[in-house]
Amino acid sequence: MENSLRILSGMRPTGSLHLGHYHGAIKNWVNLQYEYECYFMVADIHALTTNYESTRVIASSAYEMVVDWLACGVDPSQAVIFIQSEVPAHAQLHLLLSMITPLSWLERVPTYKELIEKLSTKDLGTYGFLGYPLLQSADILLYNSKFVPVGEDQVSHVELTREIARRFNYIYGREAGFEEKAREVIPKLGNKRAALYEELLIQYQQEGALEALEKARFLLKDAVNLSLGERERLFAFLENKSRVILTEPQALTTAASKLPGLDGQKMSKSYNNTLMLREDFEQVNKKIKSMQTDPGDPEKCPVWQLHKVYSNTEVKEWVQIGCTTAGIGCLDCKKPLIESIQAESAQFKERAKPYLEDHNLVRNILADGAEKAIETTEYTLSMVKLAMGIKY
Ligand code: TRP
């Protein structure tokens with residue numbers, strides 16, 4: 001598959017997942033795995049950046065989380081599932097990128113100050129914690145991942161990644177004789193196209209004509225007798241840019257529906273308002289029955305937010321009408337919801353079963369995943385080393 005079709009995403013090992021994780025992220029992963037070459041990573045080194053003093057549960061949380069990914073339908077025959085620390089290139093690229101990363105860039109990442117304040121009981125004045133977004137950049141860049149499915153809170157990390165890639169390409173992507181080399185390739189386009197390319201080049205570079213840039217890009221895409229490297233060189237020359245060694249990624253925040261917690265706030269373990277993916281049937285019943293409601297006003301009621309995700313049009317109409325006319329009570333309204341969530345969790349349990357019975361299945365999936373990820377990342381790492389002058 002082409003590089004542009006690769007996607008990496010990751011999650012810290014938090015143990016069993018709740019429905020917020022499913023509707024906010026994993027459901028999206030499951031769809032993406034059929035369209036892209038997906039790599040899904042357990043970000044265990046990331047967990048160390050904030051939890052370095054209590055690491056006892058990291059490994060078991062990683063296993064539990066992977067079981068839940070599988071229960072959600074992440075399919076190891078479609079996607080590569082692996083643990084970050086088992087793929088050494090993540091640590092290596094992080095170190096290499098740290099050489100060109102200005103401290104100020106890390107200090108101004110919004111999550112840095114926020115988390116230091118939020119987790120004020122922990123000492124986060126560490127080198128590892130400051131470098132944590134850069135580790136994420138290394139994760140992403142290793143796979144030439146064009147898109148990165150993340151939550152809103154992670155967008156600034158993807159932005160940093162773009163800046164790092166740009167800086168890297170700028171510093172290391174300009175070979176000696178950049179222009180001469182590009183000029184040597186132009187005649188290979190054939191007389192007519194070569195002339196057109198030169199014309200468009202001037203229009204874009206001297207007059208900033210964006211249509212000229214677009215046209216020239218098209219021309220290069222269609223040119224058949226160029227090697228990949230030659231084509232890339234002409235693309236780069238066009239924008240007077242360096243060679244692209246690391247791809248600038250784009251955050252992909254679409255398509256994930258937000259599922260609120262039982263109290264209407266964001267669903268989160270720390271708010272104690274979750275429904276777990278494989279929640280016990282009776283617990284689903286109890287938790288939903290005891291949810292606070294706002295009778296008469298669906299828009300203000302957290303139960304309605306759940307209906308929006310779980311119910312079909314017919315049920316939703318029944319709720320809207322019944323609620324606003326006091327035709328149904330809150331317990332009636334909750335009933336179909338309880339049934340849908342129980343049905344869904346039955347499916348999750350069914351899918352998780354083989355993995356809970358035989359831990360070796362998960363071990364094998366992760367071993368295979370690490371092997372594939374190692375193969376993919378070795379290529380990027382050697383390009384980076386070559387560019388940085390340390391390939392022997
Ligand atoms: N930082 C992310 C989080 O805390 C997890 C993560 C690590 C990640 N590396 C990544 C997400 C790479 C996307 C891409 O949720």
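**Notebook: a pocket and a strand**

I began with the lining of the second largest pocket and sorted it by class, which gave 10 nonpolar, 10 polar and 14 charged residues. I keep in mind throughout that this is a predicted model.

Next I looked up how much space the second largest pocket holds, and the value is about 1600 Å³. Its lining is made by 34 residues, and those nearest the centre of the pocket are Lys 146, Glu 232, Phe 235, Val 244 and Thr 247.

Which helix gives the largest share of this lining? I found that α13 does, with 7 residues. At least two lining residues come from each of α9 (155–172), α12 (210–222), α13 (228–238) and α18 (359–388).

I then turned to the domains, and the assignment for the protein chain lists domain 1 (6–171 + 250–257 + 358–387), domain 2 (182–239) and domain 3 (269–356). Why does the second largest pocket lie between domain 1 and domain 2? Both domains give residues to its lining, so I place the pocket between them. For domain 2 and domain 3 I looked up the separation of their centres, taken over C-alpha atoms, and noted 57 Å.

My second topic was strand β2, which runs over residues 37–42. Is this strand enclosed or open to the outside? I found that 6 of its 6 residues are buried, so β2 is largely enclosed by the rest of the structure; a residue counts as buried when its relative accessible area is under 20%.

I also checked which way the side chains go, remembering that in a regular strand they alternate between the two faces of the sheet. In β2, Glu 37, Tyr 39 and Met 41 point one way, while Cys 38, Phe 40 and Val 42 point the other way, and all of them are buried.

Technical notes
Residues numbered from 1 in each chain as written. Predicted model: local features only at pLDDT ≥ 70, side-chain atom pairs only at ≥ 80, totals over all residues. Heavy atoms only, no water. Buried < 20%, exposed > 50% of the residue type's maximum accessible area, 1.4 Å probe, protein only. Helix = DSSP H or I, 4+ residues; strand = E, 2+ residues; numbered from the N terminus. 1 Å grid on protein atoms, 1.4 Å probe; cavity = no way out; pocket = protein on both sides within 12 Å on 5 of 7 lines; lining within 4 Å. Points joined across faces, edges and corners; volume = space filled by probe spheres on them. Nonpolar A, V, L, I, M, F, W, Y, C, P; charged D, E, K, R; others polar. Domains from an automatic or database assignment.
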